Amino acid sequence: MQRQHSYLQLFSAVCKKDLQLAFRQRAEIVNPLLFFLIVITLFPLAIGPEPGLLARMAPGIIWVAALLSTMLGLDKIFRDDFHDGSLEQLIASSYPLPLTVLAKVLAHWMITGLPLVLLTPVFALLLNLDSQALVATVITLLLGTPLLSFIGAIGAGLTVGLQKGGILMSLLVLPLYIPVLIFATSAIDTSTMSLDYSGQLAILGAMLVVAIISAPIAISSALKVSVS
Amino acid sequence: MQLAGPNGAGKTSLLRIIAGFAAPDEGDIFWHDSSITKNYDEYARELLFIGHKTGVNAQLTALENVRFWLQIQGYDDNQDLYPLLAKIGLVGLEDVPVRTLSAGQQRRVALLRLWLNDAKLWVLDEPFTALDKAGVAFLQARFVGHLATGGAILITTHQDLTTHFNDLQTVTLEYRH
Amino acid sequence: MWKWLHPYAKADRAYQLCNTLLPYFAVVTVVCMVVGWVWGLAYAPADYQQKDSYRIIFIHVPSAILSMGAYSSMAIAAVVALVWQLRNAELAVIAIAPVGACVTAIALITGAAWGKPMWGAWWVWDARLTSELILLFLYLGVLSLYHAFEDKKAAGRAASILAIVGVINLPIIHFSVEWWNTLHQGATITKFDTKAIDPSMFWPLMLNIVAFAAFVGTVTLIRLKNEILQREKHRPWVRQLLNRG
């Protein structure tokens with residue numbers, strides 16, 4: 001029984017397992033998307049179907065809906081592993097836990113964030129967004145949804161051991177989402193005025209880099225607290 | 001070494017502290033003269049922990065579970081696992097989700113790890129739970145093998161160990177308010 | 001750092017330290033608050049533009065400053081708790097949190113009360129008010145996370161992690177809200193003043209800030225003492241203390 005240490009092996013194993021599980025229960029992938037779609041449908045019904053108004057509000061609507069629908073999937077990210085003891089095995093593995101966590105967050109993003117990005121053209125159609133704004137929306141979602149996964153995973157890690165952690169997790173996480181929301185919607189707004197919005201994207205990108213580096217450490221220590 | 005004591009005495013809590021999941025109120029755990037909190041990754045390399053919650057995912061098959069465990073521990077996951085599955089009595093069941101197996105079979109899936117590691121220290125919380133007589137004997141034979149190669153085992157169990165172990169020590173915890 | 005902190009890792013020593021510090025903080029609070037309020041509310045001159053309504057700054061500004069100050073001290077305690085594994089620092093985190101939340105609430109309420117005569121509305125989405133509101137959410141998050149855990153040991157560590165995550169995010173949130181505000185409604189708000197504040201108002205304000213800081217310190221120390229006693233209630237030194245008293 002020789003050990004060959006390969007971070008790549010660990011990373012792909014953890015990622016693959018979560019993806020495999022998600023694809024076996026496809027509802028996990030589909031339900032947040034349906035939720036997203038329904039929330040978006042509610043807005044025109046509530047504020048009126050006037051195209052100009054919808055286009056004006058679209059960035060906000062899309063992003064608030066994205067925040068809420070990623071919240072739905074977050075609860076699942078560590079819960080099963082916590083209950084069946086896999087989390088203990090991951091902690092007691094000889095690999096650094098932050099790496100494992102990074103893989104899990106990436107898998108979570110591929111399950112929840114990526115489909116949103118891919119389906120944005122449909123939503124843009126519903127909300128009367130023009131093509132410029134559509135491009136901006138796709139880019140901000142591409143940069144922003146992984147950020148949501150990272151920040152959200154901190155909350156998920158802190159609350160995974162609690163009986164009713166779901167609502168509490170949203171309370172912890174949503175205030176931390178505010179900067180992402182502000183910069184992403186502002187980028188889309190700016191794009192509708194045909195102005196340069198690379199500044200906002202740069203800030204989103206910078207926040208993503210910081211999150212990739214620091215969030216796994218916070219998540220790991222949160223998980224260790226939850227397991228103890 | 002066997003850890004004994006009535007329900008609620010703190011056997012599981014102690015095991016979890018020794019495995020490094022929980023921090024002790026006072027004191028520290030040392031392995032090879034260094035505190036495990038300082039060098040946890042190195043300690044983890046020599047530790048095999050199977051707790052109450054065994055770390056077996058109910059949606060995955062037995063084989064997927066074992067391979068996943070081998071990967072996260074850094075072992076070679078391409079080895080032929082069928083002889084081992086046959087030995088432990090899981091042949092024919094390797095391709096169904098673990099949730100469809102009986103409690104004893106699920107426990108066996110977790111215990112497969114005992115044949116697939118090079119850890120020095122085994123920390124096992126109630127490993128005999130749900131196992132039948134043959135399974136218990138088989139497991140104890142594996143314990144003897146591990147001890148013969150210089151390994152150490154720390155278990156909690158309510159069952160009497162039927163095999164004779166040479167250096168068996170029993171520590172009994174008492175319930176205290 | 002460790003050498004200095006080490007003796008206070010013991011709960012009874014920390015308790016004694018609280019007892020020693022408490023009277024100083026209490027005296028400073030009472031003296032500064034009485035003098036500061038009387039000076040500020042009765043003797044300081046009225047503002048030529050805002051008349052007497054500006055006097056709320058003697059409560060609003062200190063509480064706003066302390067809301068941030070309390071959060072940073074909470075985060076510092078959290079770092080100490082996690083890095084040096086000091087349980088007393090965890091208790092300090094949870095001792096500060098509700099005090100900070102109250103101070104933040106005071107800042108928000110006085111801000112709204114001031115906004116009514118100034119801007120004609122109880123609430124405007126002013127950048128500073130918005131950041132303050134988010135700060136209140138962060139405090140409440142730490143508190144509710146702490147109370148959600150049954151195991152108070154884990155609760156203290158979880159709250160500490162959240163406090164640290166919050167303090168890293170705080171500048172980003174503050175900056176983004178500021179930026180969002182200038183983008184959306186730049187000119188609707190006239191800033192209080194750009195010129196230096198008059199000494200006759202400055203000194204009572206300073207006094208009030210000191211008073212508020214000492215007040216937060218006093219309440220935190222009292223809460224910390226309680227938390228220590230609660231956690232250590234089965235230890236002999238607490239029994240001794242109770243028997244003596």
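Author: The radius of gyration of chain B is 17 Å, which agrees with the value near 16 Å that a compact globule of 177 residues would have. This description rests on a predicted model, and every value in it is computed from that model. The C-alpha trace of chain B extends over about 45 × 35 × 30 Å along its principal axes. Six helices and seven strands make up the secondary structure of chain B, and along the sequence they follow the order β-α-β-β-α-β-α-α-α-β-α-β-β.

The packing of chain B can be described by burial and by contacts. Of its 177 residues, 49% count as buried, the criterion being a relative accessible area under 20%. Among the contacts in chain B with a separation of 6 or more positions, 65% are between residues 24 or more positions apart.

Chain A is the partner to be considered here. It has nine helices and zero strands, and its elements accordingly run α-α-α-α-α-α-α-α-α from the N terminus on. The radius of gyration of chain A is 18 Å, close to the 17 Å given by the globule rule for 228 residues, so chain A is as compact as a globular protein of that length. Its C-alpha trace spans about 65 × 35 × 30 Å along the principal axes. Of the 228 residues of chain A, 57% count as buried. Contacts in chain A between residues at least 6 apart in sequence join residues at least 24 apart in 82% of cases. Carbon and sulfur atoms account for 72% of the accessible surface of chain A, which comes to about 8900 Å². Chain A has 11 positive and 11 negative charges, whose mean positions are 11 Å apart.

The contact between these two chains follows. The size of an interface is often given as the accessible area lost when the parts come together. Between chain B and chain A the buried area is about 3000 Å², and carbon and sulfur atoms give 50% of it. On the side of chain B, the residues B:Phe21, B:Lys53 and B:Ile72 supply 21% of the area that chain B buries against chain A, more than any other three residues. The contact takes 31 residues from chain B and 31 residues from chain A.

B:Thr54 lies in the loop between strand 4 (47–50) and helix 3 (62–72) of chain B. At 14% relative accessibility B:Thr54 counts as buried, because that value is under the 20% limit for burial. Its contacts, leaving aside neighbours within four places in sequence, reach both chains: A:Asp84 and A:Gln89 in chain A, and B:Arg107, B:Ala110 and B:Arg113 in chain B.

A second residue of chain B deserves attention for its backbone. B:Glu126 has a phi near 50°, a positive value in a residue other than glycine. B:Glu126 is located in the loop between strand 5 (121–125) and helix 6 (133–148) of chain B. With a relative accessible area of 13%, B:Glu126 is buried. Chain A also contains a residue with a positive phi: A:Ser194, not a glycine, has a phi of about 55°. A:Ser194 is found in the loop between helix 8 (165–192) and helix 9 (198–227) of chain A.

C:Arg223 lies in helix 7 (residues 199–231) of chain C and is partly exposed, with a relative accessible area of 27%. Apart from its neighbours within four places in sequence, C:Arg223 is in contact with C:Ile94, C:Ala95, C:Pro98 and C:Val99. The C-alpha atoms of C:Arg223 and C:Leu91 are separated by 9.1 Å, although the two residues are 132 residues apart along the chain. C:His174 belongs to helix 6 (residues 152–185) of chain C and is partly exposed, at 30% relative accessible area. Leaving aside neighbours within four places in sequence, C:His174 is in contact with C:Met68 and C:Ser131.

Terms used
Residues numbered from 1 in each chain as written. Chains lettered and ligands numbered in written order. Predicted model: local features only at pLDDT ≥ 70, side-chain atom pairs only at ≥ 80, totals over all residues. Heavy atoms only, no water. Helix = DSSP H or I, 4+ residues; strand = E, 2+ residues; numbered from the N terminus. Rg over C-alpha atoms; globule rule 2.2 N^0.38 Å. Buried < 20%, exposed > 50% of the residue type's maximum accessible area, 1.4 Å probe, protein only. Contact = heavy atoms within 4.5 Å. Areas by Shrake-Rupley, 256 points an atom, 1.4 Å probe, with all protein chains shown as cover. Lys, Arg positive; Asp, Glu negative; His and termini not counted. Charge placed at Lys NZ, Arg CZ, Asp CG, Glu CD. Buried area = accessible area lost by both parts, 1.4 Å probe.
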